[in-house]
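Dear colleague,

Please find the structure we discussed below. My notes on it follow.

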Amino acid sequence: MTGLLYWQALHRALDLEMDSDDSVLVLGEDVGLFGGTYRVTEGLMAKYGEWRVRDTPISENSFTGLGVGAAMLGLRPVVEIMTVNFALLALDALINMAAKIPFMSGGQFPMALTVRMPGGVARQLGAQHSQRLEHTLMNVPGLRMVVPSTPQDAFWQLRQAIRSDDPLIVLEHELLYFRKGPVDETLPPPPLHQAKTVREGQTLTCIAYSRMVEVALEAAGILAGMGIGMEVIDLRSLSPVDWETCQGSVQKTHRCLVVEEDCVFAGAGAELAATLQERCFYFLDAPVRRVGGINLPTPFSPDLEAASIPRPDTVVQAARNLVSGSGNLR
Amino acid sequence: MDRTGLLWMLRQMLLARTFEEAAAREYATGSISGFLHLYPGEEAVAVGVLHAAEPGDHVVSTYREHVHALVRGLPAREIMAELMGKKAGVSAGMGGSMHLFSREHRFLGGVAIVGETFPLAIGAAYAVAYRRLPEAVICFFGDGAVNQGTFHESLNMAALWKLPVLFVCENNRYQIGTEIHRHSAVVEVYRRACAYGIPAVRENGMDVLAVHGAARRALERVRAGDGPQLLELETYRYRGHSMADSGAYRPAGEVEAYRARDPIQFLESGLSGSLEGHWQAACPGPDCIASFGEYCRTQGHLEGDCFTRLEQETVQEVQEALEFARQAPAPDLQDAWAAFRCNRRGERFFGREPT
């Protein structure tokens, strides 16, 4: 087992898959000579050549669509979209093509397309570079989406995504690329969409994904000092969702808090809360609650930016209110 | 071209028109519904281009694609069944009129967002080049598609990496109801290709021999590794954009001018008196089938009642397709889930569910 940064784990996954299967190729802006804006594709062009690691023009919709066409002919393209903000330009390729063609053709075409993109609030990138897109992509039948929060999951889930014949979005987070963690290449990976209980607790269940898992774990540490045991589930996948793992925990703790970085209104957490309420209603001691980003374009000014998304202290406060049954949750 | 090739093309054009007119009748009776975009008038384009294609080539088309599929060899009965939403349809009833697909025939759709054909086609061409295969990709699009960003993005990438793709513009001069002079600053589509250094020619899309010759030469260059080529084929659709469109925005007499067997005589008859503007009667007919039939006759290939027999054969084929499609069963939800999960290969998402 070695310690790797998140980007190094993704790089290692790409390298191994490209080495073992010549139908795997990488394309995107600055993935070749430059090595990727977050270094994920560093050195791959020198190793595999220009046809397998292709620098593209700034044409998100068409190079993502190129990936769709190549996948129809049996290749396994890994498209890197520099950030989810630019993926807004590629939604036609993702939603109208990748998600639809296998189905619309009556099941005739493979679509082993992987699309990697980082999203989320980083540090003062402004409202156009701090967005989340999971709400939109979750609502599209035919797209699957995973949200690795650790280097180990980044390594496993990217490899599994590349090997899947379905279109898969690997939603990364800009602030996670330089997180370090153990990566064991010999362990068999868990199923791609299985959620993971990352901290046990008896008082309430906290469901989080991507960078919010770190925030939830930090909050759980603070809450433990107050005698509140918060169980933390790293969802790992937003489509499909591992409802059974979530449900099992909520039925044990009888309280559920969903933490997301995305705006609360009509976000991913709304789906999680609604479905868990339906599934667990008779086990719940309180309504399922959400903590998430405020409904505002991300402000540039640093204190405002930090206040626009969940922090450990806001999660702690929400958990305490949920347990005591009092207080304003937002 | 030899007699066999000529008569094959004539038969395909007749089959195409008969098929589409039958689909229009079925739409009127309610056995086909949804959007239905028909091809009459443009037959010389699909037949001329696809007669120049090899079986190993790949075809990407738009929502007006029934005839491209037919000429490519997808069975008429399975196309008609798809139009009626039946399980025996080419896309198992999951696609419909605008989404015909056949992996066997290398027919990659049937994509119905204007401008989507470009990225799909360069992706297929990228895969062909990646594997160094001697295949080409043929990408159909209309004049309305050239103002989408994907046209420019994809032509740029195709030229940059010398991808083996032939872009074929079916210029019927209307994006639904907006005439080309009202939607494009430069109305000669082929001229746009020069921005990307792509060789392009404009040809009369009502003349199947001219179309075939141009497509054959362009595909030769594609196969020789010269990179992408573009063909602009000037054509005309007799019907409205779809069955919901009467085409009333077109000047009186314009459709008749194109449909006429002898357009010059038609113009002289004064019927075109209401045409306004210099372009509107610039390229009228003759009808591609009428003129090509005439050509075959003068070459001595349509002796006796040969033309009538060809017509009867295609009517018979379409009749059989209709009967097959009407009697075919509809798909059920299990079929839909099977199509949806076609690429799952027993993959287990959570490790608990049955495979």
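In these notes, an angle under 35 degrees counts as roughly parallel, over 145 as roughly antiparallel, 65 to 115 as roughly perpendicular, and the rest as oblique. Angles run from 0 to 180 degrees between N-to-C directions, and axes are lines fitted to C-alpha atoms, for helices over the stretch in contact. Helices (H or I, at least four residues) and strands (E, at least two) are DSSP runs numbered from the N terminus.

The model is predicted: local features need pLDDT of at least 70, side-chain atom pairs count only at pLDDT 80 or more, and totals for chains, interfaces and linings use all residues. Residues are numbered from 1 along each chain as its sequence is written, and chains are lettered from A and ligands numbered from 1 in the order in which they are written.

Interface. Between the chains, 41 residues of chain A are in contact with 41 of chain B (C-beta atoms, placed from the backbone, within 7 Å). On the chain A side, α3 (60–72), α5 (91–98) and α6 (101–104) each supply at least two residues. The largest share, nine residues, comes from α3(A).

The axes of α3(A) and α5(B) (residues 117–130) come within 6 Å and cross at roughly 55 degrees; the two helices are therefore oblique to each other. Among the residues that meet here are A:Gly65, A:Gly69 and A:Met72 in α3(A), and B:Phe118, B:Gly123 and B:Tyr126 in α5(B). The residues of this contact divide into 12 nonpolar, six polar and no charged (Ala, Val, Leu, Ile, Met, Phe, Trp, Tyr, Cys and Pro are nonpolar, Asp, Glu, Lys and Arg charged, the others, Gly among them, polar).

Chain B. α5(B) also lies across β1 (58–61), β2, β3 (137–142) and β4 (165–171) of its own chain, at about 175 degrees to β3(B). Six strands form an open parallel sheet in chain B, in the order β2-β1-β3-β4-β8-β7 (strands pair if DSSP finds at least two bridges between them). β2 (107–110) and β7 (200–204) of chain B stand at the edges with a single partner strand each, so one side of each has no neighbour in the sheet.

Chain A. Five of the five residues of β4(A) (76–80) are buried, so this strand is largely enclosed by the rest of the structure (buried: 20 or more other C-beta atoms within 10 Å of the residue's own, with C-beta atoms placed from the backbone). β4(A) runs parallel to β2(A) (24–28), joined by five bridges, and A:Leu25 stands opposite A:Pro77. Three bridges join β4(A) to β5(A) (114–119), also in parallel.

Regards

Note on methods: Contact = placed C-beta atoms within 7 Å. Buried ≥ 20, exposed ≤ 12 C-beta atoms within 10 Å, placed from the backbone.
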